[in-house]
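This note sets out points for a colleague who has the coordinates open. Each point may be checked against the display.

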Amino acid sequence: MSLFRDRGVVLRSYRLGEADRIVVFLTERHGKVRAVAKGVRKTSSKFGARLEPLTHVDLLLWQGRSDLDIVNQVEVLDAFRLVREDLGRLPPGLALLEVSEQMAQERHPDPRLYAMVVGALRALAKADAEPLLVAPSFFLKALVNEGAGPVLDECASCGQPDGVVELVAFDLVAGGALCRAHRSGRSMSAPALALLRRILGGDLAAVLAGAPPAGAEEVAELATEAMEVHLDRRIRSVRSTAHL
C-alpha cells in the first residue's frame with residue numbers, strides 16, 4: 001500500500017454509490033488506472049470539475065489492496081475547454097478517449113500512447129485547428145505503436161513496390177495497401193495514399209496546420225475502419241456523430 005504521483009488523462013467516469021465516482025485514467029507511468037473519487041458528486045466537492053473526461057491532470061493516488069486506487073489530490077494541467085465546448089471538436093476528442101481506453105492495459109505503462117493522446121488533444125484544442133484529421137491520424141499512429149501499422153509502399157499481398165504495381169485498395173486485415181490484382185477491403189485513391197504516407201512519415205504537423213488536403217475525408221474513413229478492425233468493435237463516438 002502506497003501513495004504515488006503521476007500525470008494522466010481522464011478517459012471516463014461512472015457512479016459509485018450516492019456520492020462517489022470511479023474515474024478511469026490513462027497515466028504516463030502506470031498505464032490505465034481506475035480510482036475512486038470520494039464525495040465527488042457532492043456540490044461541495046473540490047475535485048468535481050477536475051475529473052471530467054478530456055481533462056489532463058496531475059494526480060496523487062493511494063494504491064491499496066483493491067483493484068481501485070483512491071484519488072487523494074488532483075490538479076488540472078490542461079482543461080481542453082475548447083474541445084469540450086465546440087461541437088466540431090468534441091466528437092473526435094471523445095473518440096480519442098474511447099480508443100485509448102480500449103488500447104491501454106491496466107497497470108501496464110505505455111508512455112508513447114499517453115504522449116500521443118495528450119498531443120492529439122492539444123492539436124485539437126488549437127483555435128485554428130481543423131479537427132477532421134486529428135482523431136484519424138491518432139488512430140493510424142496508435143496502430144503503428146501497437147505493431148499493427150499498415151504497409152504503404154508496396155502491395156501487402158504480393159510485395160510488389162508502388163510504381164511497379166498500382167496501389168488501389170486498403171485492407172488492414174491483409175496488411176495495408178493492395179494492388180489491383182490483389183485488391184480487397186475498400187478502394188483507395190492516389191491522394192489518400194499520399195496523405196497516409198505524410199501522416200505516418202513525419203509530416204503530421206504540416207498536415208494538421210492547414211486546410212484538409214486532398215483525400216482527407218477518405219483517409220478519415222479509412223483510418224476509422226482500420227482501428228475498428230484492430231479493436232474488433234465499432235468506435236461509438238465516431239459512428240453516433242455520423243448518424244446525426
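**Notes on the predicted model**

1. Glu101 has a relative accessibility of 11%, and it therefore counts as buried, the limit being under 20%. The structure discussed here is a predicted model. Glu101 belongs to helix H2, which covers residues 90-103. Setting aside neighbours within four places in sequence, Glu101 is in contact with Leu11, Arg12, Val24, Lys32 and Arg34.

2. Of its 14 residues, 11 are buried, so H2 is largely enclosed by the rest of the structure. The buried residues of H2 are Pro91, Pro92, Gly93, Ala95, Leu96, Leu97, Glu98, Val99, Ser100, Glu101 and Met103.

3. The next matter is the barrel. Five strands close into a barrel in the order S1-S2-S3-S5-S4, with mixed pairing. From one strand to the next, the twist averages 50 degrees. Ile22 has Val36 in S3 as its bridge partner.

4. Two helices pack on this sheet. H2 touches strand S1 (2-16), S2 and S3, and the direction of H2 makes about 115 degrees with that of S1. H3 touches S1, S2, strand S4 (56-63) and strand S5 (69-78), and the direction of H3 makes about 60 degrees with that of S1.

5. Pro111 is found in helix H3. Its relative accessible area is 46%, which means that Pro111 is partly exposed. Pro111 and Glu28 are 83 residues apart along the chain, yet their C-alpha atoms are separated by 5.1 Å.

6. Which residues have the most contacts inside the largest nonpolar core? They are Phe138, Met188 and Met227, in a core of 57 residues. Helix H3 (residues 111-125) gives the most to this core, namely nine residues. Another core lies apart from it and has 15 residues, including Phe4, Phe25, Val40 and Val57.

7. Not counting residues up to four places away in sequence, Met188 touches Leu167, Val168, Ala169, Phe170, Ala177, Leu193, Leu196, Glu218 and Leu222.

8. Phe138 also takes part in an aromatic pair. The count of such pairs comes to one. The ring centres of Phe138 and Phe139 are 6.3 Å apart and the ring planes stand at 65 degrees, so the pair is edge-to-face. Phe138 and Phe139 are both buried.

9. A further sheet is open. Three strands form it in the order S7-S6-S8, and the pairing is antiparallel. Its edge strands are S7 and strand S8 (186-187), each of which pairs on one side only. Strand S6 (residues 167-171) and strand S7 (residues 176-179) run antiparallel and are joined by four bridges. Phe170 has Ala177 in S7 as its bridge partner, while Leu167 stands opposite Cys179 in S7. S6 and S7 form a hairpin with four residues between them, and Gly175 in the turn has a positive phi of about 120 degrees.

10. The buried residues of H7 are Ala216, Glu218, Val219, Ala220, Leu222, Ala223, Thr224, Ala226, Met227, Glu228 and Leu231. Met227 is also among the residues with the most contacts inside the largest nonpolar core. Just after H7, Asp232 takes a positive phi of about 60 degrees.

How values were computed: Residues numbered from 1 in each chain as written. Predicted model: local features only at pLDDT ≥ 70, side-chain atom pairs only at ≥ 80, totals over all residues. Heavy atoms only, no water. Phe/Tyr/Trp six-rings, centres within 6.5 Å; stacked < 30°, edge-to-face > 60°. Buried < 20%, exposed > 50% of the residue type's maximum accessible area, 1.4 Å probe, protein only. Core = buried A, V, L, I, M, F, W, Y, C linked by side-chain atoms within 4.5 Å. Contact = heavy atoms within 4.5 Å. Pairing = 2+ DSSP bridges. Axes fitted to C-alpha atoms, helices over the stretch in contact; angles between N-to-C directions.
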